[in-house]
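Open your viewer and get ready to select as you read. We will go stop by stop, and each stop tells you what to pick and what you will find there.

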Amino acid sequence: MDKSIHAFLSINKQGVLDQAEKADREIAEKGLSADRPLLGIPIAIKDVLAEKGAPLTCGSRLLRDFVSPYDATVVTQLKNAGALTFGRLNMDEFAMGSSTENSSVGPTCNPWDYSRIPGGSSGGSAASVVADECIASLGSDTGGSIRQPASLCGCVGLKPTYGRVSRYGLVAFASSLDQVGCNTKTVSDAATMLGVISGYDKRDSTSVPRSVPEYSAALQSSIKGMKIGLPKEYFVEGMQPEVASSIRQAVEKLEELGAEIVEVSLPHTEYAVACYYIIATAEASTNLARFDGIRYGYRVDGKNPFELYCATRGSGFGEEVKRRIILGTYVLSSGYYDAYYLKAQKVRSLIAGDFTKVFETVDALVTPTSPTTAWKLGEKMDDPLQMYLSDVCTLSSNLAGNCGISIPCGFTDNPTLPIGLQLLGPPFSEETLLKIAGDFEQATDWHCRKPVINNAGA
Amino acid sequence: MQEINVQYVAELARIRLTEEEETRFGGQLSQILEYVDKLNQLDVEGIDPMTHAVPLVNVTRKDEVQPSLSNELALKNAPASLNGLFKVPKIVE
């Protein structure tokens, strides 16, 4: 089945059968229990999170033979909750991209139309959930990498607040922006997953010591009386008309459900893409310095260490990763640091300040997740700037460290492609987002629509 | 248009590029830098740079010996090793 979608990079067939048998025995002997909420549930993992004994390639040629020596904290949490972890999901190399086309082994296809991209970088995570290849998946979101594929494939994508979920065992792209989250079929599943993966971890110094609420309980209450902001800057020029009209209809639905909608402004939104691509590439250039062909990964020999590094990295990294490392190195280099990196950090303050201010008056924000539906494979590959601009609605919340969720809110007619609604909230307001998303889901049936999967393979 | 010396920066980043990549990246990166120049429209005088999203400070732990990866496991993914160590090309003549 995965032949047509190519969501998986590897599958541990025997491992999952063994785990399933154990889960069956446990259910037969002890029954289900609240502390094992994922018992027997197959969950797939983006190939950027360490899982002991499993490959960890990050979609890169450089790590094609790497096997994780330990479990990421979130993987330990999944296992403790009883989940069957059985497969590794395709992604843009080192999570750099918006289409999963930057994977060294080829793209994942959109389950609704195999000639289109699934979004990225967690394209495999969203596509596998929509194609019913797993119940839920883990992904990572640095600038929209969980939410944008959720929108383009038609499932739920949750990016928790920075510090809510441990990053220990997540291969770092941009450490001040990266956050682990999940793709699921329903909002209720997202609440369950978040409950499992949240919490303080002493192994991640940016993890926030804060108790984990009963997220599923948040779904019980209604959104009546809640104030939701509609930021005018998110209805950008060049937005697909069907996306804009679906979002407008979704907003009306939220109003019908009892929420008060108010127009708000986040005036620095138009600077977010520029700010993001300086900060993210700067952090990436330092994080990816560790891939030097010495301690792990692929190596191309050279007559001295310098030659070895250059040859290893030159042929081990794909094009987008090289482009971003070079941009990041440039903005941090002597003579350009103040003009680019320092300036971007100051603009980041302004962008975060916009959110702080607006969240004094509203409980959450409602926006499109992506200005367009899924585009054709190859369409934006020669134009990196156009690819970057596709993340315009999602990356501000990574800069600010807020939480966000994308849920299905409509489809285009011809071709049939999903449209996603994004809800953004202040730090640690996941319960509010789940509540709004859950109410919307209950009142609509967009999440019930399924693509027809061609089992014969494309 | 902002010019970027791709060859020099790639060397700083320890990445060997083909001539074709050098030319293509040069054009693409100039275009991206021209776009990010829009940040200059903003007055950031007196604004503090934001390095991080969470207000945690001085996160420390006790400096205690704890179990970690075994030598064997630590070398398992190494492209070359010898006598329990990473093997590297000759560094001093």
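In which loop of chain A is the place of His6(A)? Select His6(A) and you will land between helix H1 (2-5) and S1 of chain A. Keep in mind along the way that this is a predicted model. Check the backbone here: His6(A) has a positive phi of about 55°, although it is not a glycine. His6(A) counts as partly exposed because its relative accessibility is 23%.

**The sheet**

Now show the strands of chain A. Eleven of them form an open sheet with mixed pairing, in the order S1-S3-S2-S4-S6-S5-S10-S11-S9-S7-S8. As you step from one strand to the next, the twist averages 30°.

S7(A) and S8(A) run parallel and are joined by five bridges. For a pair to display, pick Lys227(A), which stands opposite Glu260(A) in S8(A).

Next, select strand S5 (residues 156-159) and strand S10 (residues 403-411) of chain A. These two run antiparallel, with three bridges between them. Show Leu158(A) here, and you will find Ile405(A) of S10(A) opposite.

Helix H4 lies across S1, S2, strand S3 (84-89), strand S4 (136-141) and strand S6 (179-184) of chain A. Relative to S4(A), the helix runs at about 155°.

**Two cis peptide bonds**

Zoom in on the loop between S3 and H4 of chain A, where you will find Ser121(A). The peptide bond from Gly120(A) to Ser121(A) is cis, with omega near 10°.

Which loop of chain A holds Pro415(A)? Look between S10 and strand S11 (418-425). The bond leading from Asn414(A) into Pro415(A) is also a cis peptide bond, and its omega is near 5°.

In soluble globular proteins, nonpolar side chains tend to be buried together. The largest nonpolar core in this model has 139 residues, and Leu78(A) and Phe94(A) have the most contacts inside it. Helix H9 (residues 272-287) of chain A supplies the largest share of this core, eleven residues. Apart from it lies another core, of 25 residues, including Val16(A), Tyr114(A), Ala127(A) and Ala150(A).

What does Leu78(A) touch, leaving aside residues up to four places away in sequence? Select Leu78(A) and show its surroundings: among its contacts are Leu38(A), Ile43(A), Ile45(A), Ala83(A) and Thr85(A). Leu138(A), Met193(A), Val196(A) and Ile197(A) touch Leu78(A) as well.

**The cysteines**

How many disulfides does the structure hold over all chains? There are zero. Cys182(A) has its nearest cysteine sulfur 9.6 Å away, on Cys155(A). For Cys403(A), the nearest cysteine sulfur is that of Cys182(A), at 12 Å. Are Cys182(A) and Cys403(A) buried or exposed? Cys182(A) counts as buried because its relative accessibility is 1%, and Cys403(A) is buried too, with a relative accessible area of 0%.

**An exposed loop**

Select Ala34(A), in the loop between helix H2 (13-30) and strand S2 (42-46) of chain A. With a relative accessibility of 78%, Ala34(A) counts as exposed. Draw a distance to Ala81(A), 47 residues apart from Ala34(A) along the chain: their C-alpha atoms are separated by 9.1 Å.

**Where the two chains meet**

Finish in chain B with Asn58(B), in the loop between helix H2 (19-36) and helix H3 (71-75) of that chain. Asn58(B) is not a glycine, yet has a positive phi of about 45°. Asn58(B) counts as exposed, with a relative accessibility of 73%.

Methods: Residues are numbered from 1 along each chain as its sequence is written. Chains are lettered from A and ligands numbered from 1 in the order in which they are written. This is a predicted model: local features need pLDDT of at least 70, side-chain atom pairs count only at pLDDT 80 or more; totals for chains, interfaces and linings use all residues. Side-chain values use heavy atoms; hydrogens and water are left out. Helices (H or I, at least four residues) and strands (E, at least two) are DSSP runs, numbered from the N terminus. Buried means under 20% relative accessible area, exposed over 50%, partly exposed in between (1.4 Å probe, protein chains only). A disulfide is a pair of cysteine sulfur atoms within 2.5 Å. A nonpolar core is a set of buried Ala, Val, Leu, Ile, Met, Phe, Trp, Tyr and Cys residues joined through side-chain atoms within 4.5 Å. Contact means heavy atoms within 4.5 Å. Two strands pair if DSSP finds at least two bridges between them. Axes are lines fitted to C-alpha atoms, for helices over the stretch in contact, and angles run from 0 to 180 degrees between N-to-C directions.
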